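Subject: Structure handover

Hello,

Here is the structure we talked about. My notes on its cavities and backbone follow below.

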Amino acid sequence: MEYTCHSEYHELDLVLINSVANAFVDEQKLKNQWKALNYLSKPDFQKGEAEFNVFEKLLQSKGASILRQPQDAAVSIDAIYTRDAAIVTNFGVVLCRMGKERRIPEPKVQEVVYKKNNVSILGQILAPGTLEGGDVAWLDESTLAVGHSYRTNEDGIKQLKNLLAPFSIKVLVVELPHYKGPSDVFHLMSVFSPVDKDLAVVYSPLLPIHFRKELLKRGMELLEVPEEEFNSMGCNVLAIGPRHCLMVAGNDKTEALLRNVGCEVHTYVGEEISVKGGGGPTCLTRPIRRRL
Ligand SMILES: NC(=O)NCCC[C@H](N)C(=O)O
C-alpha cells in the first residue's frame, strides 16, 4: 500500500482530531471563551459531544486510524479545529504559527502527539510569520495552494516556501479578499474544498479570479455552493475518499450537487461543533496520511 500526505481526497488513513471532551472541556470553559473567540453563540457541551461522536464514527467508516490531541490547559476551545495548527507533507509535518493570537499554543500540543506517534517534523513557522492549516490545500502531488489571509501572512508563506524548496514543491499563493475583516475566520478552505482529483466544492463570490481560472485550467469541475448555504458551512466538505464526502447537515442544495456527480455523502449535525465556531469537517480534522 502506498501513502501520501499530498492529497486532500484520497482515502483517509490517519487523522488527528480533538474531541469535545478535550477541547471544550466543560460548560464553564465554553462560557468563558466563546465571545472573545468570536463564536456566533455559546456551543452546548452535551449536544456538542453527541455531534462529535457521530462525526468521529463517520470519519472511521473508511477505516481511518485516529490520533487524539490530549487536553491541555494552554489552548482554547478553538483547539477542536485541528487542521489549522499543522500542515502535512511527505517530508514531515510543518508546525504552524497561528494568526489568531489565542490559538498560538496549539501547534506545541500537536508537536507532542506527532513525536509520540513517530510522525516526523519538517519544520516550524516562526514569528513574525503566521500560517494556518485552513489556508493550505494540496492541488496535486507537487502543488500546494496557500491562501494569503488575515491568518496567514507573507512572512509565513515565505518560510513555508523555504521549507519546501528542497523538494521541488510549487507553492501557489492565493490572495484572499478582506471579506469580514481580521476578527472573522476566513481561510482558503472556507471557499474551496477538493473532493476528488477533478472535483471541488467552491464559493465563487469569494474565490479569487486567478485561482478559479487555475482550477478550471487543471480540468477541475467546480460545484458552486449557493449563497444561502455559505454561512452554514456548505463550502467546507471533507473527502474521506475520492467523491466520498462528509459535510454539515442542512446544506441540502450543495449535498444534491455532490450526489448528482456521483459522490457518496454523509452528513452530521454540526450546530455546536461546526456552525457556532465557524469550523466545518475539514477544520475538525488534521488528515495526516491518505492511501493512494
Ligand atoms: N480551517 C478552518 O476554517 N478552521 C476554523 C477555525 C474556527 C475558529 N473558531 C477560528 O476562528 O480559528
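Which strands each supply at least two residues of the lining of the largest cavity? They are strand 4 (86-89) and strand 7 (136-140), strands being DSSP E runs of at least two residues and helices H or I runs of at least four, numbered from the N terminus.

This is a predicted model, where local features need pLDDT of at least 70 and side-chain atom pairs 80 or more, while totals for chains, interfaces and linings use all residues. Residues are numbered from 1 along each chain, and side-chain values use heavy atoms, without hydrogens and water.

There are 2 cavities of 30 Å³ or more (on a 1 Å grid over the protein atoms alone, points where a 1.4 Å probe fits but cannot get out; lining residues have an atom within 4 Å of a point). The largest has a volume of about 40 Å³, volume being the space filled by probe spheres set on the points, which are joined across faces, edges and corners. Its lining includes Glu8, Arg83, Trp138 and Arg286.

The second largest cavity holds about 40 Å³. Strand 16 (residues 286-291) gives the most to its lining, with 5 residues; Thr4, Cys5 and Ser7 are among the others in that lining.

On the backbone, a cis peptide bond joins alanine 127 and proline 128, with omega about 5 degrees. Proline 128 sits in the loop between strand 6 (121-124) and strand 7. Asparagine 38 has a positive phi of about 70 degrees and lies in the loop between helix 2 (27-33) and helix 3 (45-60).

Regards

How values were computed
1 Å grid on protein atoms, 1.4 Å probe; cavity = no way out; pocket = protein on both sides within 12 Å on 5 of 7 lines; lining within 4 Å.
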